[in-house]
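The questions below concern a structure and the contacts within it.

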Amino acid sequence: MNLKSLKIPTSMKETLWAYVFISPIMLGFAVFMLYPLSASLYLSFTNSDGITVAGFVGFDNYVKLMSDKDFIKSLFVTAYYTLGTVPIGTGLALIVAVILNAKIRFTTIYRSAFFLPVITSMVAVATVWKWLYNTDYGLINAFLMNLGLYEPPWLASDKWAMPAIIMMSIWKGIGFNMVLFLAGLQGISPTIYEAAKIDGANGLRRFVHITIPLLRNTTLFVFIIAIISSFQVFDQVFIMTKGGPAKSTTVIIYYIYQNAFQFFKQGYASAMGYVLFAIIFVITMVQLKISNRKDVN
Amino acid sequence: MKKFSLIAMGFVLLVGLLTGCGGNANSTKGNDTEPVNKGEGNSGASVTIKMAISGSEQEQKLRYETADLFMKDHPNIKIEWVDIGNERYQKTLTLISGGNPPDILYINDWTLPLATRGVLMPLDDFIKEDHSFNLDEFYPSIIDAYKLDGKLYGLPQDLSPTVIYYNKDLFDQANLPYPADDWTQDDFITAAKKLTNPAKKQYGFILSTWNTEYDGWMLRNGASLFTPDLKKSAVDSPEALKALQLLKQIVVDDHVSPNPAEIQAMGQYDYALFRNRQLAMFSSGLWQLPGFKAEPLPFKWDVVRMPKQVNQATKAGVLSWSIHKDTKHPKEAWEVLKFFVGHEGMKLVAKYSMALPASDVKEANQIIIDSKFPVNVKAFVDSAPLVNMEEFRHPKWSELSVAINEQLDRMLIGNQSPEDTQKNMFAKMNEIMAE
């Protein structure tokens, strides 16, 4: 068909071409995001097992979730992980960013070193750390032994497994947050620091009264992203502990995975997925609200 | 503009869905109509049976060889392999829910979950009509594990009963006599204690977290996981408590075996520890033999049956086949299946010595016994009739298994008494089974 013969106005034609150009990404979004999202929303109201024809059960799955002790436990385990990784991880990333923002030698090398874990696959990282944590041959305990310190049983214990995973995850994620903070730091005008210097403010005061307040938006963004991804933690648990010992590291996504792919409960697992979505949504909303209020003040 | 964008997006979606679904439906139909019309007996026609395959290179070679032998006899049937990799269960589920499953499925312990969901074809009619096939040659306890409501949904190919591998040199050093096939649980405990040496980081035994080895210890002590009607848990029995106390003794009190968390943290498989002389005994199936043959162990070793208590039951690694209910060629699929689990197929299994043939075919078992690798390889053959895979019979086994393992973990790490473990396990199992 000849487009010219249709006498489409130029603006319309441009729009049409725009849609043609974005169609690959839209198609990808539709197939890999929109369709799975709506399908799992539908599944969450069924008793689907992934094989037989699913029956509609209304809100049964959601009601059942409220009294599922394992689900509630997995929420607490996830919260533990979040509380362990987000504040410490963000704080360390900020400190590292400030140090690497200063004019010291070899900054590029240091920055790359901190960023390297981020681009490494989690599976590879988790496998290596599993060896580091090995109680008999692991590097970490060998080091502690030489110092004559207590050697924790790490992944072998239901008390130490989660701290071990948290430490590894902080190390893995620090580079990503660092880059965000660095970008934020570059955006702060050096003149402000100079003015403060002339007024006699020392390094610490400049950090507390200039850097931190002016980085607020970056910090908020880092916090939100960090919390969202910490609620979705899965890979390292799957590789390092399989949710054990005694479910001490069964985080919510791992529990969803078990239900969907081991217990034939895809409907139930989808409902959990949407509860998780709701939780993350609420937390993010609250964070945004709090930060807005500060703006008003 | 907004309207236009909506229409555009709707169109894009629709196209996506149509091409996705339409393509699929067409291809399956296109493949199938043709051979069905030609039917069997017509030597020119060719039917393709898709069969799942998995496992080591060695195992796959065994399947290829069996298939080649079959296709030589049946030129009208072609076997096409579908590799399901290492995550067998997930891959199988994906193939099934994707609507393009193999005709013959490779199954380890999930026959019943699939049968319950109507995915598998009952084999009873084939067996009734086909007089060249004799179900009595199979071990009844295994066959029963593939039955749902009296109908049979799978046939086993390989059976690998677990026995105890032991290091003779370490027995000599500890001045212990080598165990005999009729040894008892007490003999075992005594030996394991003497063979444990914390200074050398040497354990007497390893209570395997693999599969359901723990259930072997329960069964041998007269306990079982379910009531006979499979309606409730049976772990509230005094026998089960005794078995749990025994496991705790092995792992916690005597600590002749590392606990599950230590095993996980060591990150080394039992066979590697055994090879390094850090482990005097471990329970495992025949699948260790090819490795031990290819790279001989640096010490004298042998195998012995699991120690006897009330009985000498044992667990096993089992591979079975099932036919997908929607196969377009049920007759041909049965022919393939029958050949694989028949005498010819079983003799090939024995030849590769990775597992026992899953039926009691004397000539095939004799091949294993004659291999004399290791000396007492007969222990595997003798254990076969006593294999008890009771967990196969429950459709919700995967979920029950996670619940049981959690309680066992607690006990074996030393955080929970056998009494509480029994109580929690019983409650949790019943909760899942009642759903």
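Q: Leaving aside neighbours within four places in sequence, with which residues is Leu337(B) in contact?
A: The model is predicted. Contact here requires C-beta atoms, placed from the backbone, to lie within 7 Å. With neighbours within four places in sequence left aside, the partners of Leu337(B) are Ile104(B), Leu155(B), Trp321(B) and Ile323(B).

Q: How is H14(B) oriented to H15(B)?
A: Helix H14 (residues 330–341) and helix H15 (residues 343–352) of chain B pack with their axes 4 Å apart, at an angle of about 45°. Angles under 35 degrees would count as roughly parallel, and 65 to 115 as roughly perpendicular. The angle of about 45° therefore makes H14(B), relative to H15(B), oblique.

Q: How do the residues of the contact of H14(B) with H15(B) divide by class?
A: H14(B) contributes Phe339(B), Phe340(B) and Val341(B), while H15(B) contributes Glu344(B), Gly345(B) and Met346(B). Gly counts as polar and Glu as charged. The division is four nonpolar, one polar and one charged.

Q: Which element gives the largest share of the side of chain A that touches chain B?
A: The contact takes 33 residues from chain A and 31 residues from chain B. On the chain A side, helices H1 (10–43), H5 (122–132) and H12 (252–261) give two or more residues. The largest share, seven residues, comes from H1(A).

Conventions. Residues numbered from 1 in each chain as written. Chains lettered and ligands numbered in written order. Predicted model: local features only at pLDDT ≥ 70, side-chain atom pairs only at ≥ 80, totals over all residues. Contact = placed C-beta atoms within 7 Å. Axes fitted to C-alpha atoms, helices over the stretch in contact; angles between N-to-C directions. Parallel < 35°, antiparallel > 145°, perpendicular 65-115°, else oblique.
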